[in-house]
Amino acid sequence: MDWQGQKLAEQLMQILLLIAAVVAFVVGYATESFRTMMLIYAGGVVLTTLITIPNWPCFNRHPLKWLDPSEAEKYPKPEVVAVSSKKKSSKK
């Protein structure tokens, strides 16, 4: 899954869970049944899971282009800069 596919999957997850929550609340309120509300929401969670977790082709529309190892050796590696810690000054 590419970066834009991850973003799409997260947006779909949020939208589907919100819709499931609203529908479950309305139906649960109308039928005055907490059990019905929880079952509808659980169904929404399962549906959301089946839509967003598998690596569907729609989540792979923008694949990353990696460098070949021989090409990557031509470029210098980033240097690691040591971070100096500041000492606290003691007040007298």
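The legends below describe close-up views of a predicted model.

Residues are numbered from 1 along each chain as its sequence is written, and side-chain values use heavy atoms, with hydrogens and water left out. Because the model is predicted, local features need pLDDT of at least 70 and side-chain atom pairs count only at pLDDT 80 or more, whereas totals for chains, interfaces and linings use all residues.

View 1. Helix α1 covers residues 3-31, where helices are DSSP runs (H or I, at least four residues) numbered from the N terminus. With 29 residues, α1 reaches 42 Å from its first C-alpha to its last, close to the 42 Å expected at 1.5 Å a residue; the expected span is 1.5 Å times one less than the number of residues.

**View 2. The buried residues of α1.** Gly 5, Ala 9, Ala 20, Ala 24 and Gly 28 are buried in α1 (buried means under 20% relative accessible area, exposed over 50%, partly exposed in between, with a 1.4 Å probe and protein chains only). The buried residues of α1 pack against α2 (34-52).

**View 3. The nonpolar surface patch.** Leu 18, Val 22, Phe 25, Val 26 and Tyr 29 make a nonpolar surface patch of about 570 Å². Val 26, a residue of α1, counts as partly exposed because its relative accessibility is 49%.

**View 4. Glu 32 in the loop between α1 and α2.** Glu 32 follows α1 and is found in the loop between α1 and α2. Although Glu 32 is not a glycine, it has a positive phi of about 55°, and its relative accessibility of 74% means that it counts as exposed.

**View 5. Thr 52 in α2.** Thr 52 is found in helix α2 and is buried, with a relative accessible area of 10%. The side chain of Thr 52 reaches the backbone oxygen of Thr 48 at 2.8 Å. Leaving aside residues up to four places away in sequence, Thr 52 touches Met 1, Ala 9, Leu 12, Met 13 and Phe 59, where contact means heavy atoms within 4.5 Å.

Terms used
Patches are made of residues with over 30% relative accessible area and no salt bridge: like charges are joined within 9 Å, nonpolar side chains (Val, Leu, Ile, Met, Phe, Trp, Tyr) within 5 Å. Accessible areas come from the Shrake-Rupley method with a 1.4 Å probe; for residues, only the protein chains shown count as cover. A salt bridge is a side-chain nitrogen of Lys or Arg within 4 Å of a carboxyl oxygen of Asp or Glu. Helices (H or I, at least four residues) and strands (E, at least two) are DSSP runs, numbered from the N terminus. A polar contact is a pair of N or O atoms within 3.5 Å; within protein, one must be able to donate a hydrogen and the other to accept it, and residues adjacent in sequence count only if both atoms are side-chain atoms.
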